[in-house]
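Reader: Hello! Could you walk me through this model, one topic at a time?

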Amino acid sequence: MADLISEDVLHEMADYYRQRAGEYDEWFERKGRFDRGPALNARWFAEAQEVQTALAPLKVEGDVLELAPGTGIWTRQLLQTATTITAVDASPEMLAINRARLGNKKITYLQADLFSWQPERTYDAVCFGFWISHVPLERFPAFVAMVANALRPGGKVFFVDSRYEPSSTAVDHTLPGKTEQVMTRKLNDGRTFQIVKNFFSSPMLHESFARGGLNVRVEETPTYFIYGTGTKEAVTYTATA
C-alpha cells in the first residue's frame, strides 16, 4: 500500500505550481524540456484533440465549476457553451494568467486549497483537467464526494488527466514507481519539488465515481491521456475509505 501523503508534500506541491505558472504552458505546447521530437509531439497534439472533441458532445452548459483551471487550457473550451464558470485554483499566479488570457466576465475566479475547499452551491457541471493525478489516494473518496455534492441531479462531469507514459513529462523527469505517490519535478531553473502524482486505471476511476453516484464513462487515448464524461445520478455521496 502506498504511504500516506504528508501536509508538507501538499504544501510543496502547491508552491511548485505557483512557481511554475509562467512556464506551465510549455508542457502542453511541447516546448523546451517537454519537446519530444516531431513524431511524439504530433501524437500528443492529435490525442489532445481527441479529448477536446470528446468534450463537445457532452454540451457542458449552464453554471460550470472548474477545479484547478490553471492557465486556461480547458477554460477556453468550456467558455464556448457555459453560461458562467467558477474557476477555483490554489495558485494566484495561475489564476492571473487565466484571467489575463481570457478576460471574460462569465468567469469568477476563486483562490482556494482544493483539499479543504467546499462549494457553497451546486452547479450544472464540474470539470477538472490534470488534477486528479495530484489527489492522494487516501483523499480520493473525499474528492469524489465534493464533486458529487457540487453537482445538481443530472449535472455533468468532465475530466482529463495523464496516462503513465515517460514521454508525457519533461526529459529530465522520472515517473514514480507504479506503487508510489510522489515524484520529483524540476523547474527550468533547476529547482526541485516533491509533488503527488498518481496514475489511475480506467476501472478504478469508473468504480470510484460510481460509488459517488456519478455515472462516468472513462476512456483512454492510445498513449497520453485518460478522460471521462458523465452525469450525476439522483443521489448524494458520503466519503468512505
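Predicted model: local features only at pLDDT ≥ 70, side-chain atom pairs only at ≥ 80, totals over all residues.

Reader: Thanks! How many helices and strands are there in the chain?

Author: Helices (H or I, at least four residues) and strands (E, at least two) are DSSP runs, numbered from the N terminus. On that basis the chain has seven helices and nine strands.

Reader: What radius of gyration does the chain have, against that of a compact globule?

Author: The rule for a globule is 2.2 Å times the number of residues to the power 0.38, and the radius is taken over C-alpha atoms. For 241 residues a compact globule would come out near 18 Å. The chain agrees with this, because its radius of gyration is 17 Å.

Reader: Which residues touch the most other members of the largest nonpolar core?

Author: A nonpolar core is a set of buried Ala, Val, Leu, Ile, Met, Phe, Trp, Tyr and Cys residues joined through side-chain atoms within 4.5 Å; buried means under 20% relative accessible area, exposed over 50%, and partly exposed in between (1.4 Å probe, protein chains only). The largest core has 44 residues, and helix α1 (residues 7–20) gives the most to this core, with five. A second, separate core of 30 residues includes Leu65, Val126, Phe128 and Val216. In the largest core, the members that touch the most others are Val60, Val64, Phe130, Phe158, Val160 and Phe225.

Reader: Is Ser162 buried or exposed?

Author: Ser162 belongs to strand β5 (residues 151–162). Beyond four places in sequence, Ser162 has contacts (heavy atoms within 4.5 Å) with Phe130, Lys197, Phe199, Tyr224 and Ile226. Its relative accessibility is 9%, so Ser162 counts as buried.

Reader: Which residues does Val64 touch, not counting those up to four places away in sequence?

Author: Val64 is one of the residues with the most partners in the largest core. Using the contact cut-off already given, Val64 touches Leu78, Ala82, Thr84, Ile85, Thr86, Tyr123, Ala125 and Cys127.

Reader: And where does Arg36 lie, and what is its relative accessibility?

Author: Arg36 sits in the loop between α2 (25–28) and α3 (38–55). Among the residues that Arg36 touches are Arg30, Asn41 and Pro166. Arg36 counts as partly exposed, because its relative accessibility is 26%.

Reader: What is the phi of Arg30?

Author: Most residues other than glycine have a negative phi. Arg30, in the loop between α2 and α3, is buried, with a relative accessible area of 4%. Its phi is positive, near 60 degrees.

Reader: What about the phi of Ala68?

Author: Ala68 is found in the loop between β1 (62–67) and α4 (75–78). At 16% relative accessibility, Ala68 counts as buried. Although Ala68 is not a glycine, its phi is positive, at about 55 degrees.

Terms used
Residues numbered from 1 in each chain as written. Heavy atoms only, no water.
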